[in-house]
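Take a look at the sequence and the structure below. This report walks through the fold, one piece at a time.

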Amino acid sequence: RGRLLDGPDRVVCRSLIQLDIDTEGTKDTTGRIVTVTKAAPPFDSLRDHLADYEWIAASSHWHEPNRGIHKYRITLLPDRDIKPDEWLALLEGLDELLEHTLDRGAWPLSQAFYLPSCPAESIDDSFSIHNQGAALPVDSFVARGIEALSARGGKTRSLRSTSNPSL
């Protein structure tokens, strides 16, 4: 339901919250990680943090937990649309809740997300889980994010992507 006006920098609002959590590393030509440089936690280690909220979590392409490579996305239902000037603070609040595990390269307001997929050989490692709960209280998490930003002097934790200079 989010609306886009004439280009990616003119997002009016976001109606869903999508979070990426990915192991980082060097990749081969197919995008598969061959050497881990920063491990992401397994989904089960974070799911209790979100137990009260409505969400769907699904593994991402090249999720290979047997190799220590965790890649997944969590889509949360907010209690209202999110305005562009709230987006960064909201994500900061969620990143704090989830122990600073979010992939900040996926933070641009206009970020596109693909549907879940996996290579045929990884089908047994794929997952999709739905949690019934309350809509995420946007105002509470924006306030939490503003507190986190204020504690750091208004600076975000390091971002991997510079594709959105407003971050």
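In this predicted model, helices α1 and α2 are roughly perpendicular to each other, because the angle between them is about 85 degrees and the range from 65 to 115 degrees counts as roughly perpendicular. Their axes lie 7 Å apart. Two packed helices are described by just these values, the angle between the axes and the distance between the axes.

Which residues make the contact between α1 and α2? From α1 come Glu86, Ala89, Leu90, Glu92, Gly93, Leu94, Glu96 and Leu97. From α2 come Val138, Asp139, Phe141, Val142, Arg144, Gly145, Ile146, Ala148 and Leu149.

Ala148 sits in helix α2. Gly93 is 55 residues away from Ala148 along the chain, yet their C-alpha atoms are separated by 7.1 Å. Ala148 is buried, because its relative accessible area is 10% and buried means under 20%.

**Helix α2**

Helix α2 covers residues 138–151. Does its length agree with what its residue count predicts, or disagree? At 1.5 Å a residue, its 14 residues should span 20 Å. The end C-alpha atoms are 20 Å apart, so the two values agree.

Now look at what is covered. Val138, Phe141, Val142, Gly145, Ala148 and Leu149 of α2 are buried. These residues cover an arc of only 120 degrees around the axis, so they lie on the same side of α2. On the other side, Asp139, Glu147, Ser150 and Ala151 are exposed. What do the buried residues of α2 pack against? They pack against α1, residues 84–97. After α2 comes Gly153, with a positive phi near 70 degrees.

**Helix α1**

Helix α1 has 14 residues. From its first C-alpha to its last it reaches 21 Å, close to the 20 Å expected at 1.5 Å a residue.

How many residues of α1 are buried? The count is 11 of 14, so the helix is mostly covered, given that buried means under 20% relative accessible area. The buried residues are Glu86, Trp87, Leu88, Ala89, Leu90, Leu91, Glu92, Gly93, Leu94, Asp95 and Leu97. They pack against strands β3 (17–22) and β7 (71–76), and also against α2.

**The whole chain**

From the N terminus on, the order is β-β-β-β-β-β-β-α-β-α. Of the 167 residues, 43% are buried.

Where do the contacts reach? Take contacts between residues at least 6 apart in sequence: 71% of them join residues at least 24 apart.

**A residue in strand β7**

Tyr72 is found in strand β7. Is Tyr72 buried or exposed? Tyr72 is buried, with a relative accessible area of 0%. Leaving out residues up to four places away in sequence, Tyr72 touches Leu19, Asp20, Ile21, Asp22, Pro41, Pro42, Phe43, Leu46, Ala58, Ser59, Ser60 and Phe127. His61 is 11 residues from Tyr72 in sequence, and their C-alpha atoms are 8.1 Å apart in space.

**Positive phi in the loops**

Most residues other than glycine have a negative phi. Two residues here are worth a look. Trp62 is not a glycine, yet it has a positive phi of about 70 degrees. Trp62 is found in the loop between β6 (55–59) and β7. Glu99 also has a positive phi, near 60 degrees, and is a residue other than glycine. Glu99 follows α1 and is found in the loop between α1 and β8 (128–131).

Are these residues buried or exposed, or in between? Trp62 counts as buried because its relative accessibility is 12%. Glu99 is partly exposed.

**Cysteines and accessibility**

How many disulfides does a search of the whole structure find? It finds zero. Cys13 is buried, whereas Cys118 is partly exposed. The table sets their values beside those of other residues.

| Residue | Relative accessible area | Class |
|---|---|---|
| Cys13 | 10% | buried |
| Cys118 | 24% | partly exposed |
| Glu99 | 46% | partly exposed |
| Tyr72 | 0% | buried |
| Ala148 | 10% | buried |

Terms used: Residues are numbered from 1 along each chain as its sequence is written. This is a predicted model: local features need pLDDT of at least 70, side-chain atom pairs count only at pLDDT 80 or more; totals for chains, interfaces and linings use all residues. Side-chain values use heavy atoms; hydrogens and water are left out. Helices (H or I, at least four residues) and strands (E, at least two) are DSSP runs, numbered from the N terminus. The expected span of a helix is 1.5 Å times one less than its number of residues. Buried means under 20% relative accessible area, exposed over 50%, partly exposed in between (1.4 Å probe, protein chains only). The arc is that of the directions from the helix axis to the C-beta atoms. Contact means heavy atoms within 4.5 Å. A disulfide is a pair of cysteine sulfur atoms within 2.5 Å. Axes are lines fitted to C-alpha atoms, for helices over the stretch in contact, and angles run from 0 to 180 degrees between N-to-C directions. Angles under 35 degrees count as roughly parallel, over 145 as roughly antiparallel, 65 to 115 as roughly perpendicular and the rest as oblique.
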